Amino acid sequence: MGIDKDPESSLQQLRLLNQVAKDITSTLGLRPRLGFVCQSIIDIMGVKGVSIRLLDQKTNRLELAFASGLSEEYIHKGPVDADKSLAKALEGAPHFVLDASTDPGIQYPEEACREGLVSVLSLPLKGREKVIGTLRLYTGERRPFTRDEIDFLSALAAQGAISLENARNYEVLEKQDKAKNDFIMMMTHELKAPMMAVQGLLEVMQKGYVGVLTEKQKELIGRIYRRIDSLMEVSTNLLDIYEWQTKRPDTRSISLSMNEQIQKAVDLFKTSALEKGLTMDVDLPDQDLIVMGSEDEIEKILNNLITNAIKYTPKGGNISLALSASGGNVFFIIKDTGIGLNDQDISKVFDDFFRSKEAKRIDPYGKGLGLPFVKQIVEGLGGTIRVKSEEGKGSEFLLVFPKPG
Ligand code: ADP
């Protein structure tokens, strides 16, 4: 059953190698792709089963990463010790066993027999520095492998090993990143209680319950109070973002009328716009335009953008909101005639903590966390957000959401 001269098999081999090569730079969803690789090997090589095991350095055991064509009973027959089984492959060279029932290198010969496995080819998965596991092929009959077959499988194992190593490193980094974020959020949460307590004590002092204060003392206490308020706001913003990232609602089945959400947000903010001397135009289509997302998420997006437009548009200006649909998308545009942004600042506007010079002058207490959060939510809903702006003239934020299918 050689594969070396069959052009169709050669093509399949090349395709598989190409696919695995592409996986090297990919970080997510490795398991389904391992399934694809194992099944492809079975199809191309005409073998009974394939397994991929990764070496656990601490226990010196080979842990199953994926298997195809093998029964659950066989896969979970017992721990696979690195120095009893697959020792040869772990030294770095392919190892072939013609008959698993009699070869001393097979740790579970009886189980292999019961499973109907006869010949076994083990290939090392060589990472950048050391062997990280093995790729194993099992046949249902005595069957040697040709040189070409072994060369093909070795090339596949070499590329697959790098993908697996990358994925493992990525997982470790992800875990570390999560642990770091969890710690920061726990600290942020813990800091809120003493900050509130300090504010309470300041209020007691300011109200004169512990003695009459001079005007200067009152002013200083007021300043301390506002500083703490500002810290509390950062903490609340950070905790909001963290909560959304870690407990994101599954919004694939929640559809909302964007018209209603916009109207609700406009009703909420129209008084503050009026009070600031701004006009507000709202252009909503007659027909309801639906997007996928939770009410909380859409509310956060709209409230943030409208608050910014009001905050960064001087008296006498205008804010306009428009909703429309085209092709498979829903478009929302919010435009203002406010302070705008210069070309350099436009590219930073979605960065954490970014604030333009003019914005800081208008509102010294802003945090620069609203827009990055809005962007994360929009993208989480499968949408995009872009900004066009001219310094001193105004800004326009364009949001595109996919229409539910
Ligand atoms: P904050 O308003 O607290 O500063 P945001 O993340 O909402 O935080 O906004 C970040 C920065 O983006 C603002 O400080 C401002 O420089 C700029 N920005 C946001 N919206 C507008 C707008 N409508 N017009 C001009 N600049 C804006």
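Start at the ligand: the space it takes is the largest pocket. A pocket here is an open set of points on a 1 Å grid over the protein atoms alone, with protein on both sides within 12 Å along at least five of seven lines. The model is predicted: local features need pLDDT of at least 70, side-chain atom pairs count only at pLDDT 80 or more, and totals for chains, interfaces and linings use all residues. Residues are numbered from 1 along each chain as its sequence is written, and side-chain values use heavy atoms, without hydrogens or water.

Next, select the shell. It holds 22 residues, the closest being Asn308, Tyr312, Arg355, Lys367 and Leu371 (near: a heavy atom within 4 Å). Colour by class: 11 are nonpolar, seven polar and four charged, with Gly counted as polar.

Now show the polar contacts (pairs of N or O atoms within 3.5 Å).

- Lys311: a polar side-chain atom lies 3.0 Å from a ligand oxygen.
- Gly368: a polar backbone atom is 3.2 Å from a ligand oxygen.
- Gly370: a backbone N or O atom sits 3.0 Å from a ligand oxygen.

Taken alone, the ligand exposes 530 Å², and the protein buries 97% of that (Shrake-Rupley method, 1.4 Å probe).

Switch to cartoon. Helix 9 (295-311), helix 12 (370-380) and strand 12 (394-402) each give two or more residues to the shell. Helices are DSSP runs of H or I with at least four residues; strands are E runs of at least two.

Last stop: Ser10, in helix 1 (residues 7-23).

How values were computed:
A polar contact is a pair of N or O atoms within 3.5 Å; within protein, one must be able to donate a hydrogen and the other to accept it, and residues adjacent in sequence count only if both atoms are side-chain atoms. On a 1 Å grid over the protein atoms alone, a cavity is a set of points where a 1.4 Å probe fits but cannot get out, and a pocket is an open set with protein on both sides within 12 Å along at least five of seven lines; lining residues have an atom within 4 Å of a point. A molecule sits in a cavity or pocket if more than half of its atoms lie within 2 Å of its grid points.
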